Amino acid sequence: MPLLTFLPPLGAVLIWSGNMTINQLTVGAIAPSSIAFLRWVLALAVLTPFLAPVAWRHREAIRRAWPKLAVLGLLGMALWQGLAYVAAETTSATNMGILAAMVPLLTVLLSALILREAPSLGGTLGGVLALIGVAVLLGRGNPLSLLELRVALGDALMVVAATCYALYGVMLKRWPLDLPPWVVLYLQAVFATLFLLPGYLMGPMTPVDGHNVWLILYAGIPASIITTFLWMRAIRQIGASQASIFINLMPLFSALIAMAFLGEQIALFHFVGGVLVLAGVIMAQTLTRPLRRTNEDCIAD
């Protein structure tokens, strides 16, 4: 598989890592309902001048596909990213990182149930290996210490959010839409904004000021527009199961970002966990033989 096909998921995960790093900074600076809504308002303000005319030209296809676009906007934009802001108020960044790492394995499971895709040997073993690497990273060298974490409301919300995003990837693969990718992104953002509007109106409505405007800018442009487009492209190129393996790189990227911009020190467990995560990603991309043999495989033999 060409190396260029790995750039979209890597780019998306790198931007997400930055977003996870500052996620805790929204606590106290802006209400979850406000940033979840305003980020998509900003995204629509940037996209509308360019994409509204294109969407109008595809209005017949949109009319046929709007229920699917609404579901995708709800799962991949409103719930996945909105619930993460709410979860940050009652759980730690460590817990959020652990639960976000469930997305690849959830995607494999949902792909098998919904798409009837047999999980590959590399996808299964690589996913488990990468998850062990994440546990080493987040457990600071002692994965068993994660068993001592208490379950909070935020943890439950992150489980729901991770399931929503895994389902988003699977349904995006199942529903090939006869629309340009940017139009698909734009319509998902429209529906996500509509879904998030009631929560924003019910408040509390946090005023935009110098302390939180940069959070909205980052969330609205790189973490909303660019990452969604890159992720949709990744799913189209390599599939939901393989693309989701890259999410296991988020703890590693987050540690490197913290080291570069916050002056945090990288310990031995960061390197051990990072090697395990990278090995899992490489294994998932190279060992593509299905775990179980199909009738077609037996006939070919």
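Student: In which helix is Gly126 found, and what makes that stretch a helix?

Tutor: Gly126 is found in helix α6, which covers residues 121-138. A helix here is a DSSP run of H or I with at least four residues, a strand is a run of E with at least two, and both are numbered from the N terminus. The model is a predicted one, in which local features need pLDDT of at least 70 and side-chain atom pairs count only at pLDDT 80 or more, while totals for chains, interfaces and linings use all residues. Residues are numbered from 1 along each chain as its sequence is written, and side-chain values use heavy atoms, with hydrogens and water left out.

Student: Why is Gly126 called buried?

Tutor: Buried means under 20% relative accessible area, exposed means over 50%, and partly exposed lies in between (1.4 Å probe, protein chains only). Gly126 has a relative accessible area of 0%, so it is buried.

Student: Which residues does Gly126 touch, and what makes a contact?

Tutor: A contact requires heavy atoms within 4.5 Å. Not counting residues up to four places away in sequence, Gly126 touches Leu121, Gly280 and Met283. Gly126 and Val277 are 151 residues apart in sequence, but their C-alpha atoms are 8.4 Å apart in space.

Student: Is Ser34 buried or exposed, and how do you know?

Tutor: Ser34 has a relative accessible area of 0%, therefore it is called buried. Ser34 lies in helix α2, residues 32-57. Leaving out residues up to four places away in sequence, Ser34 touches Tyr200, Pro204, Met205 and Thr206.

Student: Why is Gly199 called partly exposed?

Tutor: The relative accessible area of Gly199 is 26%, so Gly199 counts as partly exposed. Gly199 is found in helix α8, residues 181-202.

Student: What classes do Ala52 and Val54 receive?

Tutor: Ala52, placed in helix α2, has a relative accessible area of 30% and is therefore partly exposed. Val54, which also lies in helix α2, has a value of 18% and so is buried. Ala52 is in contact with Leu47 and Tyr186, its neighbours within four places in sequence being set aside. Val54 and Trp182 are 128 residues apart in sequence and 9.3 Å apart in space, C-alpha to C-alpha.

Student: How do you know what span to expect for α2?

Tutor: The expected span of a helix is 1.5 Å times one less than its number of residues. α2 has 26 residues, giving an expected 38 Å, and its 35 Å from first to last C-alpha is close to that. For α3, with 29 residues, a straight helix would span 42 Å, whereas α3 spans only 37 Å between its end C-alpha atoms.

Student: What is meant by a bend, and where do α2, α3 and α10 bend?

Tutor: The bend at a residue is the angle between axes fitted to the seven residues ending there and the seven starting there. On that basis α2 bends by about 65° at Thr48, with a proline, Pro49, following within four residues. α3 bends by about 65° at Ala65, and Pro67 is the proline that follows within four residues. Helix α10, residues 222-238, bends by about 25° at Thr228.

Student: What makes α10 mostly covered?

Tutor: In α10, 12 of its 17 residues are buried, among them Ala223, Phe229, Trp231 and Ile238. Just after α10, Gly239 takes a positive phi of about 95°.

Student: What makes a space a cavity, and how many are found?

Tutor: On a 1 Å grid over the protein atoms alone, a cavity is a set of points where a 1.4 Å probe fits but cannot get out, and lining residues have an atom within 4 Å of a point. A search of the whole structure finds four cavities of 30 Å³ or more, and about 120 Å³ lies in the largest cavity. Grid points are joined across faces, edges and corners, and a volume is the space filled by probe spheres set on the points.

Student: Which residues line the largest cavity, including any from α1 and α3?

Tutor: The lining includes Trp16, Asn23, Arg39, Trp80 and Met250. α1 (7-23) and α3 (59-87) each supply at least two residues of that lining.

Note on methods. 1 Å grid on protein atoms, 1.4 Å probe; cavity = no way out; pocket = protein on both sides within 12 Å on 5 of 7 lines; lining within 4 Å.
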